[in-house]
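Reader: I would like to learn how to read a fold from its model. Could you take me through one, feature by feature?

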Amino acid sequence: MATRLLRPGPWRGRELAVSVVARHPRASVLDVGCGPGRVAEAVLDAGAATYVGIDLSAQMLALARERLERFNSVELHEGDFRDRDLRQTFDVVLALGLFDYLAEPARAARWMRARCSSTLVASFTRRDRVKAPIRHFHYELLHGCPIFDYTEAGTEALLTAAGFPSIEFPFRGRRGFLVTATTDGVKPS
C-alpha cells in the first residue's frame with residue numbers, strides 16, 4: 001500500500017505488466033533492467049511460465065535471487081542487455097524504468113523488438129517542471145548519470161521505427177507514461 005501511495009509510477013508499471021502477462025497463457029517474460037525482482041515476483045505469480053531478468057547491478061540481482069528463490073523457471077543475468085545474445089523470443093518484454101537511462105534508445109528498442117514475439121511493456125519519463133530539475137541535478141550532477149525525458153510522439157516514433165506496428169498508452173501522467181507496443185504477429189526483420 002505504501003508503494004502505491006509513495007511511488008505510484010512503479011506500482012502502475014507493475015500492475016500493467018501483470019495484466020499483460022495474465023493475457024498470455026504460460027507467458028515467457030524477458031525483463032530488461034529487472035532490479036530487485038519486485039515486478040518479476042508479480043508476473044510469476046500472475047502465471048508467467050518462464051522469466052529471464054537482466055540487470056547491470058550485482059546488488060539488485062542478489063536481491064532478486066533472494067526474492068525469487070521459490071520459483072523454478074527463473075534466469076537472472078548480470079550485464080548490459082545489449083551485449084546479450086539471447087536467441088529466443090519472449091511473449092512479453094518488460095522495460096520498466098529503463099529508457100530514462102539510455103543514451104541510445106533506438107538501439108535498445110530494436111534489440112527488444114528482435115526478442116519480442118507479442119508485447120513490450122515500457123515506462124517513459126516526461127519532463128516535468130517541478131520534478132525534472134531535481135532529478136537531473138541528482139542523477140547528472142551528483143552521480144554523473146545522464147537521464148533522458150520523452151514525449152508520447154517521440155516514443156511512438158521510436159517504437160514504430162524499431163518495428164512495433166501497434167503502440168498504445170494505457171497510462172499518461174504529468175511525470176511519465178506507460179506504453180504497450182505489440183507485434184501483431186509481425187516477425188522482426
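Author: What follows goes from the whole chain to the sheet, then to single strands and helices. This is a predicted model, where local features need pLDDT of at least 70 and side-chain atom pairs count only at pLDDT 80 or more, while totals for chains, interfaces and linings use all residues. Residues are numbered from 1 along each chain as its sequence is written, and side-chain values use heavy atoms, with hydrogens and water left out.

Reader: How many helices and strands are there in the protein chain?

Author: Helices (H or I, at least four residues) and strands (E, at least two) are DSSP runs, numbered from the N terminus. The protein chain has seven helices and seven strands. Along the sequence the pattern reads α-α-β-α-β-α-β-β-α-β-α-α-β-β.

Reader: What share of the residues is buried?

Author: Start with the cut-offs. Buried means under 20% relative accessible area, exposed over 50%, and partly exposed in between, with a 1.4 Å probe and protein chains only. Of the 189 residues in the protein chain, 46% are buried. Among contacts between residues at least 6 apart in sequence, 65% join residues at least 24 apart.

Reader: In what order do the strands form the sheet?

Author: Two strands pair if DSSP finds at least two bridges between them. Here seven strands form an open sheet, in the order β3-β2-β1-β4-β5-β7-β6, with mixed pairing. β3 and β6 stand at the edges with a single partner strand each, so one side of each has no neighbour in the sheet. From one strand to the next, the twist averages 15 degrees.

Reader: Which strands pair in the antiparallel sense with β7?

Author: β5 (residues 116–125) does, over seven bridges. A122 has V179 as its bridge partner in β7. β6 also pairs with β7 in the antiparallel sense, over five bridges. There, S166 has T182 as its bridge partner. A hairpin of three residues joins β6 to β7.

Reader: And β1: which way do its side chains point?

Author: In a regular strand the side chains alternate between the two faces of the sheet. In β1, S28, L30 and V32 point one way, and V29 and D31 point the other way. Five of the five residues in β1 (residues 28–32) are buried.

Reader: Which strands does β1 pair with?

Author: β1 pairs with β2 (residues 50–55) in the parallel sense, over five bridges. V32 has I54 as its bridge partner in β2. Between the two strands the chain passes through helix α3 (residues 38–45), and this β-α-β crossover is right-handed. Right-handed means that, with the strands pointing away from the viewer, the path from the first strand over the helix to the second runs clockwise. β1 also runs parallel to β4 (residues 90–95), joined by three bridges. V29 stands opposite V92 in β4.

Reader: What is buried in α3, and what follows the helix?

Author: V39, A40, A42, V43 and L44 are buried in α3. G47 follows α3, with a positive phi near 120 degrees.

Reader: Where do the buried residues of α4 fall, seen down its axis?

Author: An α-helix has 3.6 residues a turn, so residues three or four places apart point the same way. In α4 (residues 58–68), L61, A64 and L68 are buried. They fall within an arc of 55 degrees, so they line one face of the helix; the arc is that of the directions from the helix axis to the C-beta atoms. The face turned away from the buried side carries exposed Q59 and E66. The cover over the buried residues includes α3, β2 and β3 (74–78).

Reader: How is α4 oriented to β3?

Author: Axes are lines fitted to C-alpha atoms, for helices over the stretch in contact, and angles run from 0 to 180 degrees between N-to-C directions. α4 lies across β2 and β3, at about 170 degrees to β3. Helix α5 (residues 105–114) lies across β1, β2, β4 and β5, at about 150 degrees to β5.

Reader: What do the buried residues of α5 pack against?

Author: They pack against β1, β2, β4, β5 and α7 (152–162). The buried residues of α5 include W111 and M112. R110, also in α5, is partly exposed, with a relative accessible area of 49%. The C-alpha atoms of R110 and A161 are separated by 8.2 Å, and the two residues are 51 apart along the chain.

Methods: Contact means heavy atoms within 4.5 Å.
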